[in-house]
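Dear colleague,

I am handing over the structure that we talked about, and below it you will find an account of what was found in it. Please keep the model open while you read, so that each part can be looked up as it comes.

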Amino acid sequence: MIRTENLTKVYNGKTAVDGLDLEVEEGEVFGFLGPNGAGKSTTILMLTGMIEPTGGRCLVDGIEVAKDPLKVKEIIGYLPEDVGFYGNMTGEQNLGYFARFYGTTAKERKERIAEMLELVHLDGVTQKAGEYSRGMKQRLGLAQAMINDPKVLFLDEPTANLDPEGAREYRDLVERLAGEGKTVFVSSHILSEVRAVCRTVGLLAKGKLVAQGTLDGVARTLAPSDGDAVRIVVETREHLPDLEDPAIIDIERNGTRAIVRAKADIRDRLAETLFSQGLHVREMRIEEPDIEDVFMAVYRR
Amino acid sequence: MAFDRVLNVARKEFSDHITSRRFIIVLALFLVISAVSIHEGIEVYNAQLDTYNEQLQQMTTEIEGPYPGWMPEKPSIMLVFLFMMSYMSALGSILALAIGFDLVSKEKESRSLKSLLSHPVYRDEIINGKVLGGVGALGFAMALALAVSLAMLLVFSVVPTLDEFAAILIFGAASLGFLLAYFAVAITMSTVAKESGSALIYTLVIFAVVSTLLPILGTMAADVFSGDPPEPPEMVAPMPTPAQSSGGGYITASDDPRETDPAWRDYEEARKAYTEKRRFISDVSSILSPQMNYMVVSMAVTNPGSSTMYTAYGALQVEPGGGLADALGQVWMNIAALIVFPAVFFGATYVKFMRMDIR
């Protein structure tokens with residue numbers, strides 16, 4: 001549904017996005033992660049047809065964005081970071097203005113606007129958008145992004161101004177959209193936010209895609225390499241005896257707890273050995289790299 | 001470019017303008033002062049009409065007048081609009097600047113431009129819609145001012161002829177062109193500046209330069225480069241000056257002895273060359289001033305038959321006895337300048353807006 005090929009954007013001699021190759025399948029909820037200034041927003045601006053790439057190309061639903069931005073805009077929705085509205089108009093009037101660009105009838109517009117305002121809990125709000133709180137603006141931003149019932153939704157830092165209740169409602173909304181088969185592209189620098197809703201992620205750093213795939217897959221790819229070794233955490237109620245197995249490389253012991261580095265997953269054999277010695281196993285698991293640590297290490301690069 | 005998208009933007013902009021407090025306040029002031037000026041103009045018109053009637057009556061009763069062949073000229077109701085023009089150039093420009101200086105910068109500040117651009121609309125459609133909306137609002141203000149003036153004329157039992165009505169419409173078009181000149185300056189500055197405050201300052205600086213400084217500099221340059229005017233030769237007896245009378249009449253025939261005096265003819269030629277040189281220097285700088293161009297065009301429309309149209313910065317010579325078309329023909333450069341000036345600024349706005357960084 002979304003594809004970029006060697007996508008590049010240079011601003012005043014500085015490369016903001018550097019040869020980005022990305023692919024997001026239809027119906028995916030994709031998290032676009034990266035520290036501030038990594039090039040996430042610039043990528044979204046190119047994907048939404050608001051700026052032209054310096055090099056490469058990007059396609060949404062098979063349409064090359066730079067060649068036919070209007071056609072792309074008709075099938076996408078975009079929530080910009082720190083979204084803004086016309087302060088002299090109500091939320092309903094703002095949505096009405098945007099909706100007129102889609103060539104719908106007045107009746108269709110009215111129904112869609114009412115539906116969207118209800119969805120973001122702004123129905124019945126009569127005050128002007130200039131008097132809205134940041135959270136209300138963010139919710140109206142979600143409504144304007146969905147005013148055309150888009151196939152693809154681009155959300156740039158969507159929970160930035162939301163309170164916990166608003167953030168929970170946003171997650172429910174994304175789940176619902178995913179259930180309807182829509183493609184959602186969420187850009188954020190907050191891992192927990194992306195983790196909560198996204199099935200796949202791409203990690204951007206200094207304009208380059210560092211990794212793409214499932215969150216665990218990306219974390220494993222980026223984790224410090226330990227060859228083919230498997231790290232097994234073992235904890236027993238009693239003092240841990242010496243463990244012997246031809247697959248074991250080394251053991252870090254700490255009383256009743258140990259981290260066993262082995263050539264393969266030998267948890268079954270270890271459990272059998274400990275059970276035969278009458279020991280009570282409290283924990284036995286393969287140690288996965290800590291996602292937060294892995295991502296933070298990339299952010300700090 | 002789809003016109004319905006341009007219209008959507010224009011409709012919203014027009015609605016924003018005519019419902020904004022700023023526009024309503026300036027427009028109200030503009031209309032009130034227009035009405036006052038029209039009233040003042042009608043009083044002067046009626047006074048001139050009385051003088052005209054008296055002179056006409058004298059001509060029928062006294063065959064031997066002081067100037068044989070002299071015909072009184074019936075005052076035109078366009079005189080009324082001459083009064084309106086002076087107020088229009090002050091308050092109208094404020095109205096035009098007020099609606100334009102934050103038209104784009106406000107969108108940048110509120111980040112609404114990014115939201116708007118995420119929907120299916122091209123940048124050129126947005127800027128064209130904004131300009132169209134502004135033109136519509138200024139046209140609305142102008143139409144209201146003309147409607148008020150016409151209503152007042154009718155209330156005072158002054159009914160314009162078809163020609164006068166056409167002249168009023170041309171005056172309205174010239175006034176709109178003048179308003180657009182300053183609207184164009186304001187919207188350009190709004191696109192160039194990052195903030196509305198800076199846009200307002202830039203706009204006021206340009207306004208001051210083109211409305212006041214340029215005409216003054218033109219006059220100063222004319223004084224410096226033209227030198228001293230030629231002195232008239234000594235005459236045996238001073239002759240009455242064949243100029244406009246207080247009642248607006250003019251002399252159609254004379255037996256002026258100066259016409260046969262070679263010294264006087266030389267002086268007249270030297271004076272004519274001096275005036276033309278002076279006018280040329282002054283015109284070069286004045287042509288860049290919408291105020292000056294508006295003034296010259298308005299005087300041609302409101303007073304087409306006068307031999308000399310005096311402005312604040314000098315005199316404009318117009319051939320006597322010509323109609324509206326002749327008068328407009330003589331000020332074609334000023335008319336062209338009133339069109340070119342906003343066109344240049346709108347062009348600059350377009351280019352800048354298309355290249356604007358919206359991050």
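Predicted model: local features only at pLDDT ≥ 70, side-chain atom pairs only at ≥ 80, totals over all residues.

B:S175 is found in helix α7 of chain B, and B:S175 is buried, with a relative accessible area of 0%.

Next comes the nonpolar interior. In soluble globular proteins, nonpolar side chains tend to be buried together. The largest nonpolar core here has 164 residues, and the members that touch the most others are A:F154, A:F185 and B:F81. Helix α7 of chain B, residues 162–192, gives this core its largest share, which is 14 residues. Another core, of 14 residues, lies apart from it, and among its members are A:V230, A:I266, A:L270 and A:L274. Returning to A:F154, and leaving aside its neighbours within four places in sequence, its contacts include A:I2, A:I44, A:L47, A:V60 and A:F185.

The two chains also meet each other, with 23 residues of chain B in contact with 25 residues of chain A. The size of an interface is often given as the accessible area lost when the parts come together. Between chain B and chain A the buried area is about 2400 Å², and carbon and sulfur atoms give 61% of it. Of the area that chain B buries against chain A, 26% is supplied by B:H119, B:P120 and B:R359, which is more than any other three residues supply.

Within chain A, the domain assignment gives domain 1, covering 2–222, and domain 2, covering 230–288. The C-alpha centres of these two domains of chain A lie 47 Å apart.

Chain A also holds an open sheet of four strands, in the order β2-β1-β4-β5, with antiparallel pairing. At its edges stand β2 (14–24) and β5 (63–64) of chain A, each with a single partner strand, so one side of each is left without a neighbour in the sheet. Strand β1 of chain A, residues 2–11, pairs with β4(A) in the antiparallel sense over five bridges, and the bridge partner of A:R3 in β4(A) is A:L59.

Strand β4 of chain A, residues 55–60, contains A:G55. Is A:G55 buried or partly exposed? A:G55 is partly exposed, because its relative accessible area is 21%, and buried means under 20%. Leaving aside neighbours within four places in sequence, A:G55 is in contact with A:N6, A:L7 and A:T8. The C-alpha atoms of A:G55 and A:G87, which are 32 residues apart along the chain, are separated by 37 Å.

Finally, please look at strands β12 (residues 248–254) and β13 (residues 257–262) of chain A, which pair in the antiparallel sense over six bridges. The bridge partner of A:R253 in β13(A) is A:A258. The hairpin that β12(A) and β13(A) form has two residues between the strands, and in it A:G255 takes a positive phi near 65 degrees.

With best wishes

Conventions: Residues numbered from 1 in each chain as written. Chains lettered and ligands numbered in written order. Heavy atoms only, no water. Domains from an automatic or database assignment. Pairing = 2+ DSSP bridges. Core = buried A, V, L, I, M, F, W, Y, C linked by side-chain atoms within 4.5 Å. Buried < 20%, exposed > 50% of the residue type's maximum accessible area, 1.4 Å probe, protein only. Contact = heavy atoms within 4.5 Å. Buried area = accessible area lost by both parts, 1.4 Å probe.
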